[in-house]
Amino acid sequence: MYDADCLEKIGANVRFLRTLRKLRQQDVAAMLGISQTHLSNMECGRVQFNLKQLLRLANIFDCRLEAFLDVQKAEEWLAAEAETGQEEDKLYSKSDIEQLLKLVKKGIH
């Protein structure tokens with residue numbers, strides 16, 4: 001079932017998706033109504049997310065809830081977004097994003 005490792009995975013995926021959207025912690029925290037420090041603690045797995053926060057984050061990042069629960073779902077979301085042709089506008093290339101995913105995976109293992 002779910003344990004402390006799950007929190008780290010969710011937090012890492014939130015950090016990954018936030019980075020993809022080129023959003024600062026301060027900005028996302030303000031949208032959630034929490035402090036930047038609290039969001040940082042959430043991304044590091046030290047503080048739990050609640051469902052309301054995850055729903056708000058899904059709306060902010062324009063993704064499905066599954067993207068927070070599984071790195072593979074985050075990758076699938078990324079691939080689907082890349083297929084829409086919006087990748088040219090992004091700050092990160094596909095290889096940059098793949099490297100970010102590798103870093104996130106290393107951080108949760």
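Predicted model: local features only at pLDDT ≥ 70, side-chain atom pairs only at ≥ 80, totals over all residues.

Student: Okay, how many helices and strands does the chain have?

Tutor: There are 7 helices and 0 strands. Reading from the N terminus, the elements go α-α-α-α-α-α-α.

Student: And how much of the chain counts as buried?

Tutor: Of its 109 residues, 37% are buried.

Student: What about contacts between residues at least 6 apart in sequence, how many of those join residues at least 24 apart?

Tutor: That share is 62%.

Student: Let's zoom in. How do you describe two packed helices?

Tutor: You give the angle between their axes and the distance between the axes.

Student: Which residues make the contact?

Tutor: On the H2 side you'll find Gln25, Gln26, Val28, Ala29 and Leu32. H3 brings in Gln36, Leu39, Ser40 and Glu43.

Student: How do they divide into nonpolar, polar and charged?

Tutor: The contact of H2 with H3 has 4 nonpolar, 4 polar and 1 charged.

Student: Now H2 and H4, at what angle do they cross?

Tutor: Roughly 125 degrees, and the axes of H2 and H4 (residues 51-61) come within 10 Å. H2 and H4 are therefore oblique to each other.

Student: Is that crossing left-handed or right-handed?

Tutor: H2 passes H4 in a right-handed crossing.

Student: Which residues meet there?

Tutor: From H2 it's Val28, Met31 and Leu32, and they meet Gln53, Arg56, Leu57, Ile60 and Phe61 of H4. The residues of this contact of H2 with H4 divide into 6 nonpolar, 1 polar and 1 charged.

Student: Switching topic: how many aromatic pairs are there?

Tutor: The structure has 1 aromatic pair. The ring centres of Phe61 and Phe68 are 6.2 Å apart and the planes sit at 55 degrees, so this pair is tilted.

Student: Are Phe61 and Phe68 buried or exposed?

Tutor: Phe61 is buried, and Phe68 is buried too.

Note on methods
Residues numbered from 1 in each chain as written. Heavy atoms only, no water. Contact = heavy atoms within 4.5 Å. Helix = DSSP H or I, 4+ residues; strand = E, 2+ residues; numbered from the N terminus. Nonpolar A, V, L, I, M, F, W, Y, C, P; charged D, E, K, R; others polar. Axes fitted to C-alpha atoms, helices over the stretch in contact; angles between N-to-C directions. Parallel < 35°, antiparallel > 145°, perpendicular 65-115°, else oblique. Left-handed = near helix turned anticlockwise from the far one by under 90°. Phe/Tyr/Trp six-rings, centres within 6.5 Å; stacked < 30°, edge-to-face > 60°. Buried < 20%, exposed > 50% of the residue type's maximum accessible area, 1.4 Å probe, protein only.
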